[in-house]
Amino acid sequence: MRLIEELLKSDCKVHFLISKNGCNVMKYETGLTFDDVVQHFKKISEKINIYDVDDMFAPIASGSYKLDGMVIIPCSMGTLSSIACGISSNLIHRAADVCLKEKRKLIIVPRETPFNLIHLKNMAALSKMGANILPAVMTFYNKPTSIDDMINFIVGRVLDVLGIENNLFNRWI
């Protein structure tokens with residue numbers, strides 16, 4: 001959610017989709033439903049498009065639709081595996097596949113730890129295909145004092161890869 005807020009603050013057009021399991025995890029971890037999140041984002045900006053994960057006719061499913069990149073945050077190992085193997089069974093997989101084939105930025109923030117060999121091989125395969133693998137790994141040089149500080153660090157690093165200026169964390173000096 002923080003990434004989307006920051007992208008909207010930066011006047012970016014955002015395409016938002018979430019898997020059904022992602023909705024369940026979001027509800028469990030944050031207490032927020034999909035409808036809560038949609039209402040929140042619609043209040044912030046009109047520059048957000050919301051898609052159903054099964055809508056394979058959404059514009060972002062086509063390589064002819066221009067977009068700068070895609071971030072899957074957080075990314076389950078199931079989703080990562082599907083993308084690495086070219087399985088496009090939902091819009092998340094298909095949109096990621098489009099980013100890879102069109103040589104657009106694809107940033108994947110894996111959710112699990114530790115990684116097993118299958119996870120590592122799939123991440124390596126995606127990296128070879130041009131994806132950026134950005135695990136949500138904390139650092140302590142920026143002296144985090146809250147969960148917000150930790151979230152801001154990861155979101156700031158994602159924005160850095162996207163080339164979007166931000167001051168979400170203290171940088172190494």
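On helix α3 (residues 34-44), the buried residues are V37, V38 and F41; buried means under 20% relative accessible area, exposed over 50%, and partly exposed in between, with a 1.4 Å probe and protein chains only. These three span an arc of only 100° around the axis, which places them on the same side of α3; the arc is that of the directions from the helix axis to the C-beta atoms. The buried residues of α3 pack against α1 (2-9), β1 (14-16), α2 (20-30) and β2 (48-50), where contact means heavy atoms within 4.5 Å. Helices (H or I, at least four residues) and strands (E, at least two) are DSSP runs, numbered from the N terminus.

This is a predicted model, so local features need pLDDT of at least 70 and side-chain atom pairs count only at pLDDT 80 or more, while totals for chains, interfaces and linings use all residues. Residues are numbered from 1 along each chain as its sequence is written, and side-chain values use heavy atoms, leaving out hydrogens and water.

Now for the largest nonpolar core, with 25 residues: such a core is a set of buried Ala, Val, Leu, Ile, Met, Phe, Trp, Tyr and Cys residues joined through side-chain atoms within 4.5 Å. Among those touching the most other members are I60, M70 and L126. Helix α5 gives the largest share, six residues. A second, separate core has 22 residues, including I18 and L134.
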